[in-house]
Amino acid sequence: MISGLHVQYYFICHRKLWLYSKNLGFEAEDEKVIDGSLLHDRAYKNADRKELLIDQSFKIDVIDGDYVREVKLSSKMTEADKYQLLFYLYQLKKRGLNKKGLVSYTKEKRTEEVILTDADERKLDEIEKAINEILQSEKIPKRLKKPYCRQCAYYDFCYISEGGDT
Ligand code: SF4
């Protein structure tokens with residue numbers, strides 16, 4: 001089953017998505033996941049928070065009744081963050097729960113409201129199809145040359161073990 005992380009990686013890098021789906025070398029990002037949970041705990045201190053487990057597959061934080069919330073360190077990956085949250089809203093809608101989203105960027109002290117539209121739903125259907133095609137492909141997608149490659153858990157795999165700069 002596709003998770004919110006698959007959707008996020010789809011926007012960041014198709015190769016990362018493919019490698020993640022094969023469970024290849026994910027240690028470096030585990031720390032970020034732990035940081036993320038600490039961030040969540042701090043951000044939700046005074047909120048009425050409930051965690052929903054969807055199909056035993058992924059968890060969604062629902063706060064203050066109407067909102068699903070994501071907390072991010074900075075707004076560098078806004079499209080990826082937005083679609084990850086939209087994906088959660090769509091999954092809840094499919095299960096009869098209509099919610100709105102909030103993405104909070106702690107460094108910028110900024111929160112954005114995210115509303116799921118019909119157009120978003122159509123786009124998410126296309127994204128889900130595209131993700132499945134990438135996951136089923138036997139061929140590893142091309143590597144990117146992006147500034148965030150250096151922070152990626154697969155940097156060594158992409159740029160050291162494979163060598164070269166192309
Ligand atoms: S290092 Fe760059 S190319 Fe390789 S998986 Fe990560 S983001 Fe993609």
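**Exercises on rings and helices**

Tyr-155 and Tyr-159 are both buried, where buried means under 20% relative accessible area, exposed means over 50% and partly exposed lies in between (1.4 Å probe, protein chains only). The model is predicted, so local features need pLDDT of at least 70 and side-chain atom pairs count only at pLDDT 80 or more, while totals for chains, interfaces and linings use all residues. Residues are numbered from 1 along each chain as its sequence is written, and side-chain values use heavy atoms, with hydrogens and water left out.

**Exercise 1.** Classify the ring pair of Tyr-10 and Phe-11, and then that of Tyr-155 and Tyr-159.

*Solution.* Start with the rule: rings of Phe, Tyr and Trp (its six-membered ring) pair if their centres lie within 6.5 Å, and planes under 30 degrees apart count as stacked, over 60 as edge-to-face and the rest as tilted. Five aromatic pairs occur in the structure. For Tyr-10 and Phe-11, the centres are 5.5 Å apart and the planes stand at 90°, which is edge-to-face. Phe-11 itself has a relative accessible area of 22%, so this residue is partly exposed. For Tyr-155 and Tyr-159, the centres are 5.3 Å apart and the planes make 20°, so this pair is stacked. Both tyrosines belong to helix α6 (residues 155-161), where they are four residues apart, about one turn of the helix; helices (H or I, at least four residues) and strands (E, at least two) are DSSP runs, numbered from the N terminus.

**Exercise 2.** Compare the span of helix α4 (residues 78-94) with the expected one, and find how many of its residues are buried.

*Solution.* The expected span is 1.5 Å times one less than the number of residues. Helix α4 has 17 residues and reaches 24 Å from its first C-alpha to its last, close to the 24 Å expected. Next, look at burial: twelve of the 17 residues of α4 are buried, which leaves this helix mostly covered. Just after α4, Gly-96 takes a positive phi of about 85°.

**Exercise 3.** Describe how helix α1 (residues 4-12) and helix α2 (residues 14-21) pack.

*Solution.* Axes are lines fitted to C-alpha atoms, for helices over the stretch in contact, and angles run from 0 to 180 degrees between N-to-C directions. The two helices pack at about 145°, and their axes are 6 Å apart. Contact means heavy atoms within 4.5 Å, and the residues that make it include Leu-5 and Tyr-9 of α1 together with Lys-16 and Leu-17 of α2.
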